[in-house]
Amino acid sequence: MACAIYPGSFDPVTKGHIDIIRRAAKMFDVLTVAVLNNSEKTPLFSVDERVNMLREVCKEIPNVKVDAFSGLTADYSKQQGTDVIIRGLRAITDFEYELQMAQTNRKILPSVDTVFLTTSLEYAYLSSSIVREVAAYGGDIHEFVPSYVAQKVYAKLETKKHGQSGRTYQ
Ligand code: ADP
């Protein structure tokens with residue numbers, strides 16, 4: 001069976017991510033979308049919330065699983081028994097970091113290969129941080145994320161506003 005993992009923060013999942021997920025799912029028997037629990041970032045959504053959102057928006061793609069992991073992507077890939085890591089490329093600005101990560105992962109786990117899918121042009125500008133920023137200023141994010149996710153983003157920002165005013169997210 002050909003399996004791949006698609007790791008990322010997905011804070012929150014966008015239509016750009018979903019486009020990559022759909023296309024990668026056609027290439028592999030099983031695609032595991034893996035939410036990285038990164039202790040260095042202060043996310044808007046918890047790992048569980050991000051996993052649940054991904055499960056909801058991917059529920060119609062039968063060969064997609066959603067999971068969470070911490071630590072090195074190469075270790076997680078080995079643990080999952082897959083040698084393919086999927087990443088999306090939007091612009092040249094993504095390239096340097098992605099190349100460095102792909103080479104690092106191959107150094108750590110020589111059997112692992114990173115497969116890059118280039119973004120569909122309509123989503124080339126789109127990132128989770130853009131979604132968070134537009135929503136934080138009251139803008140409409142329905143172009144960027146499924147409406148299920150949009151509702152979660154607005155609800156979360158509302159909760160945060162009342163709970164912890166003045167906090168910024170990266
Ligand atoms: P990370 O923090 O690991 O970069 P992200 O959730 O921001 O996590 O992105 C996960 C992957 O999806 C990365 O490879 C990123 O380049 C890719 N990606 C993000 N947004 C898009 C998009 N609009 N089109 C294509 N790929 C994207």
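**Close-up views of a predicted model**

**View 1. The order of elements along the chain.** From the N terminus on, the elements run β-α-β-α-β-α-β-α-β-α-α. This is a predicted model, and its chain has six helices and five strands. With 170 residues, a compact globule would have a radius of gyration near 15 Å, and the 16 Å of the chain agrees with that. The C-alpha trace spans about 50 × 30 × 30 Å along its principal axes.

**View 2. The largest nonpolar core.** Here we look at the 38 residues of the largest nonpolar core, where Ile21, Leu31, Val33, Leu54 and Ile86 touch the most other members. Among the elements that each supply at least two residues of this core are strand S1 (3-8), helix H1 (15-27), strand S2 (30-36) and helix H6 (147-163). Apart from this core lies another, of eight residues, including Phe69, Ala74, Ile85 and Leu109.

**View 3. Leu54 and its neighbours.** Leaving aside residues up to four places away in sequence, Leu54 touches Phe10, Val13, Ile21, Val33, Val35 and Val66.

View 4. The ligand is surrounded by 17 residues, and the closest are Tyr6, Ser9, Phe10, Gly88 and Tyr123. One oxygen atom of the ligand is 2.6 Å from an N or O atom in the side chain of Tyr6. For the side chain of His17, the distance from an N or O atom to a ligand oxygen is 3.1 Å. A ligand nitrogen is 3.0 Å from a polar backbone atom of Leu126. Of the 560 Å² of accessible area that the ligand has on its own, the protein covers 89%.

Technical notes
Residues are numbered from 1 along each chain as its sequence is written. This is a predicted model: local features need pLDDT of at least 70, side-chain atom pairs count only at pLDDT 80 or more; totals for chains, interfaces and linings use all residues. Side-chain values use heavy atoms; hydrogens and water are left out. A nonpolar core is a set of buried Ala, Val, Leu, Ile, Met, Phe, Trp, Tyr and Cys residues joined through side-chain atoms within 4.5 Å. Buried means under 20% relative accessible area, exposed over 50%, partly exposed in between (1.4 Å probe, protein chains only). Helices (H or I, at least four residues) and strands (E, at least two) are DSSP runs, numbered from the N terminus. Contact means heavy atoms within 4.5 Å. A residue is near a molecule or strand if one of its heavy atoms lies within 4 Å of it. A polar contact is a pair of N or O atoms within 3.5 Å; within protein, one must be able to donate a hydrogen and the other to accept it, and residues adjacent in sequence count only if both atoms are side-chain atoms. Accessible areas come from the Shrake-Rupley method with a 1.4 Å probe; for residues, only the protein chains shown count as cover. The radius of gyration is taken over C-alpha atoms; the globule rule is 2.2 Å times the number of residues to the power 0.38.
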